[in-house]
Amino acid sequence: MEKLKGILKKIFCLPPLPTVLIAVPAFIFVFVILGLGGHPLLAYISYGLSAYALIITVTGISGIYKGIQKGIRENPLMKKLRGIPIVRRYLDDGAFRAEISLYTGVTINFAYVFIKLFSGIYYRSLWFVALAFYYVFLAITRFMLPHHVRSKPVGQEYVSELKRYRLVGYILLVLNLALGIVVTLVVQQNRGFEYGGYLIYVMAIYAFYTMISSVINVVKYRRYNSPVLSAAKAVNLTAALVSMLSLETAMISQFGAAEDPMFRLIMTAVTGFAICAFVLGMAVFMIIKATKKIRNSAI
């Protein structure tokens with residue numbers, strides 16, 4: 001088992017430099033192949049390559065981030081900017097950065113809702129409209145968390161944060177049911193999301209960015225021992241996973257569905273229900289964990 005772990009680590013957990021040298025050309029190759037079209041075999045290879053590039057990016061982004069962060073700190077311009085109080089606080093105060101990230105996430109979420117709703121109306125896609133409303137509820141959930149942070153600094157009202165954390169778990173549980181219905185309809189009708197023109201590349205960049213940043217933040221903000229921040233990152237991760245599902249179906253529709261409709265059916269079913277199962281498990285875990293800790297704090 002240890003030998004297998006070592007092999008998997010060497011394959012999927014690369015140092016920062018090899019991660020960049022492999023992932024960046026891989027993503028470029030994928031977009032070139034899919035953009036130019038061609039043999040279905042090349043499309044399948046590009047899907048596998050993009051999956052590997054995403055995995056090593058997620059596992060290696062922490063090292064890349066630390067390297068970039070170190071370079072920024074040592075930059076002369078950054079040293080001057082640290083003389084500005086608000087900049088210095090943002091750089092030194094992790095809780096303040098977390099609060100800012102919550103507001104940023106809410107803003108981006110509402111922008112994404114607008115894009116999905118506009119795309120649904122413009123392309124007459126029921127799936128885009130359904131996904132837009134799904135993101136509306138995620139955005140509302142996100143909005144509750146910055147409001148709580150603003151009124152009560154993170155970590156200071158632990159029981160109150162646990163209750164908010166549990167509430168988010170219940171919300172994700174209900175939203176996951178809605179997502180499961182959407183995925184089931186998409187699979188039954190063997191249809192998906194479609195983007196026109198270059199919009200698919202923009203959405204791909206957004207999907208990969210949100211996926212990578214959400215994974216980083218789930219780990220990064222655990223040290224603040226704040227259920228509210230943990231809940232926010234759980235919502236971010238859910239949104240990122242749904243974005244990846246939307247992107248996957250769109251890329252298959254645009255670049256490979258005509259040649260092999262069964263491939264889209266299988267990929268959508270496997271990915272969609274895997275995401276539903278993951279979110280379901282995460283929501284149940286949040287509810288059980290918060291309930292136990294609330295009961296223990298009352299004793």
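N176 has its place in helix α8 (residues 158-189), where helices are DSSP runs of H or I with at least four residues and strands are E runs of at least two, numbered from the N terminus. This is a predicted model, in which local features need pLDDT of at least 70 and side-chain atom pairs count only at pLDDT 80 or more, while totals for chains, interfaces and linings use all residues. Residues are numbered from 1 along each chain as its sequence is written, and side-chain values use heavy atoms, with hydrogens and water left out. The protein has 11 helices and 0 strands.

**Overall composition**

- Read along the sequence, the elements follow the pattern α-α-α-α-α-α-α-α-α-α-α.
- Of the 299 residues in the protein, 42% are buried; buried means under 20% relative accessible area, exposed over 50%, and partly exposed in between (1.4 Å probe, protein chains only).
- The protein has an accessible surface of about 16,300 Å², and carbon and sulfur atoms account for 71% of this surface; such areas come from the Shrake-Rupley method with a 1.4 Å probe, and for residues only the protein chains shown count as cover.
- Contacts (heavy atoms within 4.5 Å) reach across the sequence: among those between residues at least 6 apart, 78% join residues at least 24 apart.

**The largest nonpolar core**

- The largest nonpolar core holds 58 residues, and Y135, L138, L172 and M286 have the most contacts inside it; a nonpolar core is a set of buried Ala, Val, Leu, Ile, Met, Phe, Trp, Tyr and Cys residues joined through side-chain atoms within 4.5 Å.
- Two or more residues of this core come from each of α2 (16-36), α3, α6 (94-122), α7 (126-151), α8, α9 (199-220), α10 and α11 (261-298).
- Helix α10 supplies the largest share of this core, with 15 residues.
- Leaving aside neighbours within four places in sequence, Y135 is in contact with N109, Y112, V113, A239, V242 and S243.

- V113 belongs to helix α6 and is buried, because its relative accessible area is 8%.
- Not counting residues up to four places away in sequence, V113 touches A132, Y135 and V136.
- V136 is found in helix α7, and its relative accessible area of 25% makes V136 partly exposed.
- V136 and N109 stand 8.0 Å apart, C-alpha to C-alpha, with a sequence separation of 27 residues.

**Helix α10**

- P227 lies in helix α10 (residues 227-255) and counts as buried because its relative accessibility is 6%.
- Apart from neighbours within four places in sequence, P227 has contacts with Y158, E161, L162 and Y165.
- Between P227 and S160, which are 67 residues apart along the chain, the C-alpha separation is 9.0 Å.
- N236 is also found in helix α10, and with a relative accessible area of 14% N236 is buried.
- Once neighbours within four places in sequence are set aside, N236 is in contact with R142 and S214.

- N176 is buried, since its relative accessible area is 8%.
- A polar atom of the N176 side chain lies 3.0 Å from the backbone oxygen of C276.
- Leaving aside neighbours within four places in sequence, the contacts of N176 are with I275, C276, V279 and L280.

Conventions
A polar contact is a pair of N or O atoms within 3.5 Å; within protein, one must be able to donate a hydrogen and the other to accept it, and residues adjacent in sequence count only if both atoms are side-chain atoms.
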